[in-house]
Amino acid sequence: MQEKLELSGIVLSSTAIGEYDKRLVLLTKERGKITAFARGARKPGSPFLGASEPFNFGTFSLLEGYDAYRLAGAQIREYFSDVKQDIEGICYATYFCDVLEYLCVEGIGDTGILNLLYLTLKALARPELPDRLVRRIFELRLLALDGEGMEAFACAQCRDEAVSVFYLPKNGLLCRKCAEKLKDGYPLSESAVYTIQYILGSPLEKLFAFQVGDSVLVELEAVTDRYFAEHVQKKFNSLQILASLS
Ligand SMILES: [Zn+2]
């Protein structure tokens, strides 16, 4: 008899295939991104019906096949029902999962990125935190975890610690002197610099423990938009739907 694997992770996407089945992409702690088929998951009364929904977090029992896994059971610990309450929450959560499905590599486990997604979905469910801020925190920290972190703690040109200008060609922040020489930088307020440093440097569990004013959020959005587009060259449908809602 084939041995069952127990992997903990999150359902990144769930697509209907065939008459009754689903194809799941899971992000797991042990094996990174994997594809699993849930047979009969769309039949009424199937034990996989609720378990195979996107954003579900828990332990998945899987049978390993030649080129994919087969779902044999699941113990869901978190459904993120609050996130699924409104269309905006669903769009943001789908976007975070789409980005990871695009960036993560099959078969390579990564606890940091999985934890980031879990905490981001938790943060998305908190009404006092603006979704727009949650998105930018996720994007900046994710690129750092993925080895494309922004140079934000010292001038990307001369290593001076008094940084105040974002400069995309150097993948980071510059001091005032270097910014004058290189031109075309994006000047930042002190609060925006501190916010970026906090996002990149704080422990994951404290990542969503702050708020910013509107003007700092606008600066953060401008910087992250440019930085993220430079490193992730894909357009995500979920973001287009989000834009059409506002
Ligand atoms: Zn400098």
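The four donor atoms around the zinc ion subtend angles of 101 to 116°, so the arrangement is tetrahedral (four donors with all angles between 85 and 135 degrees). The model is predicted, with local features needing pLDDT of at least 70 and side-chain atom pairs pLDDT 80 or more, while totals for chains, interfaces and linings use all residues. Residues are numbered from 1 along each chain as its sequence is written, and side-chain values use heavy atoms, without hydrogens and water.

The zinc ion has as protein donors (N, O and S atoms within 2.8 Å of the metal) the SG atoms of C155, C158, C175 and C178, at 2.3 to 2.4 Å. Their sequence spacing is C-x2-C-x16-C-x2-C. C158, in the loop between α3 and β6 (163–167), and C175, in strand β7 (residues 172–175), are 17 residues apart and link distant parts of the chain.

Helix α3 (residues 131–145) packs with two helices, as tabulated; angles run from 0 to 180 degrees between N-to-C directions of axes fitted to C-alpha atoms.

| Pair | Axis distance | Angle |
|---|---|---|
| α2 (residues 111–124) and α3 | 10 Å | about 175° |
| α3 and α5 (residues 190–201) | within 9 Å | roughly 55° |

The angle makes α2 roughly antiparallel to α3 (over 145 degrees). In contact (heavy atoms within 4.5 Å), G112, I113, L116, T120, A123 and L124 of α2 meet D131, V134, F138, R141, L142 and L145 of α3.

Helices α3 and α5 are oblique to each other, and their crossing is right-handed (the near helix is turned clockwise from the far one by less than a right angle). Here I137, L140, R141 and A144 of α3 meet I196, I199, L200 and G201 of α5.

Technical notes
Helices (H or I, at least four residues) and strands (E, at least two) are DSSP runs, numbered from the N terminus. Angles under 35 degrees count as roughly parallel, over 145 as roughly antiparallel, 65 to 115 as roughly perpendicular and the rest as oblique. Donors are N, O and S atoms within 2.8 Å of the metal (3.2 Å for Na, K and Ca); water is not among the atoms, so sites may look incomplete. Four donors count as tetrahedral if all angles lie between 85 and 135 degrees; four count as square planar and six as octahedral if opposite donors are over 155 degrees apart and all others between 65 and 115; anything else is irregular.
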